[in-house]
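Please look over the sequence and the model shown here before reading on. The paragraphs that follow lead through the structure step by step.

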Amino acid sequence: MVDVDEVAENIYLIDDQVCSIPKLGGVYLLDEEKKALVDCGPPSSASVVLDGIKKVGVRPEDINYIIVTHIHLDHASGAGVLLEDMPQAQVIVHHKGARHLVKLAELMESATKTQGAQIIAKYGEVIPVEPERMQVVYDDDTIRLSGEQVLNFIDAPGHAPHELCIYEGRNGGIFVGDAVGLYLADGEVLLPCHPPPSFDVEVCINTIQRLMSLNASRLYFAHFGVSNRVQEILQLAIDQIQTYAGMVAEVARENALDGVAERLSAQVMPTLEPIKKMPAVYKLVIEDLLPLGIAGFIHYYQQRYKAELTK
Ligand SMILES: [Zn+2]
């Protein structure tokens, strides 16, 4: 059974049940004269997403846009599969992400190399997106879905260089993708999770500061749900990144990174307690997402001090 919530006027959150886990991955449906999805999940979520769209009363063939916040597999890799049921849809993608969508199979292959063959079992078989079904966007581009709903695209690098945030005018909210971090356990936990090699600490903070300046009414997280505590959460995201960064930067400079992942992990663990009420999410956070997020910081500072040494 698919879980769909109306989270703001004409905006629906479809739980895409990524990795068969509830309340982990979200796809948003904007039901205006023109209809758009924000993110689409992996191929293994396609049937759930289609069911969610129908549950709102929208026909998949009436979807005009699939907007992907960035080209990580859990957000965008299902686009090609969904397009088969959405004959008039165009995929909207950051100009730096388009080439990855055309080569989704290669992206999946490299993920298989680093994460093993179980990734295909987890995410499903991809279908690449044909270039003619793609529309690239740049910072400050807009798309009008109706008289009341205009989307404004925001270049949002840091988590990934090809990340977009999207400001929606009707409710004044921002779709943040993964730019701000993970928002879990109904908002009790915010966790930075920016994997290597593309995470950039400074650029990520700049992006979050820019989001703060927009004075939005709410944030729509891909993982998972909506919050109207906008400035508080954005500030917390910055504070957390600075805390993690401080711990890692200090030892990276002395090339003494041994044990820092364990120390940081031990410090963060108690703050994750509220997620325990969602055992499957908790297991994934502990086993995969927390180590991945910490690795992102370590990789960033390793590269940075390597570069300083060779100057
Ligand atoms: Zn991501």
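Is C19 buried, partly exposed or exposed, and how many other C-beta atoms lie within 10 Å? C19 is partly exposed, because 17 other C-beta atoms lie within 10 Å; a residue counts as buried if 20 or more other C-beta atoms lie within 10 Å of its own, as exposed if 12 or fewer do, and as partly exposed in between, with C-beta atoms placed from the backbone. The structure is a predicted model, in which local features need pLDDT of at least 70 and side-chain atom pairs count only at pLDDT 80 or more, while totals for chains, interfaces and linings use all residues. Residues are numbered from 1 along each chain as its sequence is written.

The chain as a whole comes next. The chain has 10 helices and 15 strands; helices (H or I, at least four residues) and strands (E, at least two) are DSSP runs, numbered from the N terminus. Its C-alpha atoms fill a box of roughly 55 × 45 × 40 Å along the principal axes. For 311 residues, a compact globule would have a radius of gyration near 19 Å, and the chain agrees, because its own value is 19 Å. This radius is taken over C-alpha atoms, and the globule rule is 2.2 Å times the number of residues to the power 0.38. Of the 311 residues, 44% count as buried. Among contacts with a separation of 6 or more, 67% come from residues 24 or more positions apart; two residues are in contact if their C-beta atoms, placed from the backbone, lie within 7 Å.

Two strands pair if DSSP finds at least two bridges between them. Strand β1 and strand β2 (residues 11-15) pair in the antiparallel sense over 4 bridges, and E6 has Y12 in β2 as its bridge partner.

Several backbone details deserve attention. Most residues other than glycine have a negative phi, and most peptide bonds are trans. C19, in the loop between β2 and β3, has a positive phi near 55°. A185 also has a positive phi near 55° and is placed in the loop between β12 (182-184) and β13. A185 is buried, because 22 other C-beta atoms lie within 10 Å. A cis peptide bond, with omega about 0°, joins P196 and P197, and P197 is found in the loop between β13 (189-191) and α7 (201-212). The peptide bond from H223 to F224 is cis as well, with omega near -10°; F224 is found in the loop between β14 (218-221) and β15 (225-227).

Helix α8 (residues 230-253) follows. Its 24 residues should span 34 Å at 1.5 Å a residue, and the helix agrees, because its end C-alpha atoms are 34 Å apart; the expected span is 1.5 Å times one less than the number of residues. The buried residues of α8 are V230, I233, L234, A237, I241, Y244, V248 and A252. An α-helix has 3.6 residues a turn, so residues three or four places apart point the same way. The cover over the buried residues of α8 includes β13, α7, β14, β15, α9 (260-268) and α10 (279-309). Just after α8, N255 takes a positive phi of about 55°.

What domains make up the chain? The chain is divided into domain 1 (4-229) and domain 2 (240-309), with bounds that come from an automatic or database domain assignment. Their C-alpha centres lie 25 Å apart, and 22 residues of domain 1 are in contact with 20 residues of domain 2. On the side of domain 1 that touches domain 2, the elements that give two or more residues are β12, β13 and α7.
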